[in-house]
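Hi,

Here is the structure we talked about. Please open it alongside these notes; what I found follows.

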Amino acid sequence: MTNPTDSELFETWRGRSAPLLPLLHAFHERDGYLSEAALRAVAAELRIPIADLFGTVTFYHHFSRERDGRARPRVCVGPICAGRGATVLLAELEGAEAMPCPGRCDDPIPVLQGDRVLCGTSAGELEERPSPLPPVPPDGTEECVFAHIRTPERASIAGYGASGGYRGLAAAREDRPEAVLDRIDASGLAGRGGAGFPTGRKWRAVAEASGDPKSIVCNADEGEPGCFKDRALMDYDPHAIIEGMLIAGYATGAARGFIYLRYEYPETLRILESALDEARDAGWIGPEAFGPDRPFELEVRRGAGAYICGEETSLLNSLEGKHPFPRNRPPFPVTHGYEDLPTAVNNVETLASVPPILVNGADWYRDLGMGEHAGTKVISLSGDIARPGNYEVPMGLPLRALLDDWAGGGAGGREIQAVTMAGLSGGFLAGDDLDVTLDEPTIRSKGSFLGAGGIMAFDASRDMVDVARAAMEFFAEESCGKCFPCRIGTQRLTERLDGGGPAELREWIDEVNDLGRTMKETSACGLGQAAPLITESLLRYFPDAVTRHVAG
Amino acid sequence: MDERNDFDFEITLDGEQVPVRRGETVYEVSERHRKEIPTLCYDPRLESFGACRLCIVEVEGARNPVASCTTRAEPGMRITTRSARLDMHRRVLMEMVASENRDLDVDPLSGYASGEMATLLDRYEARTGRFSGRRSGTSRPDDDNPFILRDYDNCISCYRCVRVCAEQEGDYAISIMNRGFETQITTEFGGLLKDSACTFCGQCIQTCPTGALGDLKALANANVAGETEKTRTVCTYCGVGCSVDVMTRDDKIVGVLPAMDGPANKGALCVKGQFAFDFVSHPDRLSQPLVRGEDGELHATDWDTALDRAATGFKTTAETHGRHSIYGIASGRAPHEAAYMMQRFIRGGFGTNQIDNCSRA
């Protein structure tokens, strides 16, 4: 097979939505890197200033500008893999580069090589294998998004249909869009990507906003270290996400959708594309998706490695081919989203929750939670824990119950000294605060948040100052560079956790606290606002370790 | 234009009811009421960007302060522009910015806005040396263009240069490379300005708040003694009529600043208006009149001799061939007053309209 020419690649994408990322990927794949000639050709084709395109390409981790760079192995050095020999593996593999957490914490250590993900803790053990299925919950606890995920062949449209698939959409279409919005409102479903905004309200705002076409964007950029739940949902139940997006499209009047998938999930890309082909062939997606003259088009767009692109306005800029800085808000995406038109940006888990809600009813979903908390939350649990994996827990479940009863307690019977919340963004919980229940109000009362639901466990053998340093280094690396407090603050906090800053303890603490407070209160987006929770919680729970660290 | 009656609603600004036009930002309203809110990434000619966060204000009901430059005023808003909390954040932000740069003070000849950071460091008493660590930005001493200093060790990543290049000049010559603390202002593929789309208009220099981008032509005069005086005039190089402030020291031109309030240019200039002033005192300039001798060479002489020769030539030509045989063209490098005299000379002196100027663009 001969390689496609530039003009063949351009022809494929001419006139289509959001063409920059797919075109760059096409050249990246064809040439093995992004050459100057390729960038100049793409800039001319899309009429993007070449300086802008060059700058934007350098923003992403995985676009390689060096010959044969795309094929170089990238080894996860995230918080979990770092504790399992990632640096040794990195040194073992020729030409390997480090990469931040690619969402495989339940099966360390992932190595991304071209379009394959290999896993293993040493070079000899590396093998390509399917991502782990979620463990079965104890005592028959009822699940929502995971209820059918272990059903064989669920990822195919036939298997999906045989286990109740596309019935939610059918139920929605028997009703007016307004009634669908009412049902989502009544279910209490809120954003499962971290922000927790009520889904029904978001959709209603899109439905009521003026401007066409409207869009549904699935945020599948799961970049938070320690989070790998969306990967499991997409790998094993891709039609649930497609169905959720179709219901969202029907309810809001949107005519197009995009799944923005992180670069680090190449096998998930193949699964989604095959599911989309099936759904298109079956007529669920296409010019008459919701009836005559009621189209809904749905495509995947692959990211290129940038944590900030999980922030919805960065994601939209990235999708549009712009520099992926977050946008100033207001206006919000519900009125000014993709191409400045009304857009609902929803997380994978949120969208996957929608079909079962429509099939089983709003009350059913609401009652899955404990006490006054509605529904469920998938927790990606990893680290020093006996049975890491994705667990769909009732909202309000005690954290201790998850750690001990569901996941078998600390690995090797060792005690867990701390966990992270919201991946890394929620900082640490430790000591008596491990007695929280898993719901947003309770966790926020401890100065943290549940967020996207990544929880990493660390036993007493772990140096928490070093864990904090690596976490802050991640935030510094991923800070987009737009707002001052985040760009400078993450760097300065990293240096202070790495032996820098004042030698005198009181001054060191004052600097760390002052940096943290200003980052929290003045940063432009969630990254800079959340990053100092790492140092804040480190000082709260591990003051002695900090004292020893500063004393050197 | 009478603007007094076109307000749409009121907000409360530091306890006072003030009128607002729909669409105005909180910063714009505050500026009108002389609140002197600090900024580093703001340039009134550019889209609000929201990077430096110094313009934060408190909005009643909001947990965290908001950036006033990107927040639209809404009816009934209650805004506080000064408080101990805001001062604390602004001081910490200034200490953070100071920690990433090599120099806190630069020569004012660097550019129009080059003292903005230093002024705010003094205002917030932020020259404390706290938060020290690695510096950001890598300077480009290899860029040997004669106009623009690229001293990114003093860059604070406010992106005013990138934005002015795109939004005001439309050149898109420079952009932002990498992320976070590694952010770097760059051209396409990291090259030199002369190999980029840069037209050397110098607007990036004039909006830079730290002198990371500097006016090399002006900085070459840093050692000229004397107080800097500014004289408002109009650029002579073409017919657009850009307003400039010519900087002089002891009657020597040391630099040109664009007039931010110039009606034709609003702070914009081109490479000629910005940088091409050094011919005035260039040693190659003629310092005395020359006349051509019998030998065909030019020889120094006195003004009477030179003027006699010129007058004779003009008169003879006009008498022999008629008044329309005379054509005058004035130089764009001459002052406006000289250009005016030239046309009076040709029109009044010879009675012909054949007068032009090389600036007629």
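**Chain A: overall fold**

In chain A, take the contacts between residues at least 6 apart in sequence: 68% of them join residues at least 24 apart. Bear in mind that this is a predicted model.

Chain A holds 24 helices and 14 strands. Its radius of gyration is 23 Å, close to the 24 Å from the globule rule for 552 residues, so chain A is as compact as a globular protein of that length. The C-alpha trace of chain A spans about 70 × 60 × 50 Å along its principal axes. Buried residues make up 58% of the 552 in chain A.

**The core**

The largest nonpolar core has 252 residues. Which of them touch the most other members? They are Ile241(A), Ile247(A), Ala248(A), Leu402(A) and Cys161(B). Look at Ala248(A). Beyond its neighbours within four places in sequence, Ala248(A) contacts Trp203(A), Ile216(A), Ala254(A), Ala344(A), Asn346(A), Leu351(A) and Val354(A).

**Helix α2 of chain B**

α2(B) is mostly covered, with 12 of its 16 residues buried. Among the buried ones are Leu86(B), His89(B), Arg90(B), Arg91(B) and Glu95(B). The run from Val92(B) through Leu93(B) to Met94(B) is buried too.

What covers these buried residues?

Best wishes

Key: Residues numbered from 1 in each chain as written. Chains lettered and ligands numbered in written order. Predicted model: local features only at pLDDT ≥ 70, side-chain atom pairs only at ≥ 80, totals over all residues. Core = buried A, V, L, I, M, F, W, Y, C linked by C-beta atoms within 7 Å. Buried ≥ 20, exposed ≤ 12 C-beta atoms within 10 Å, placed from the backbone. Contact = placed C-beta atoms within 7 Å. Helix = DSSP H or I, 4+ residues; strand = E, 2+ residues; numbered from the N terminus. Rg over C-alpha atoms; globule rule 2.2 N^0.38 Å.
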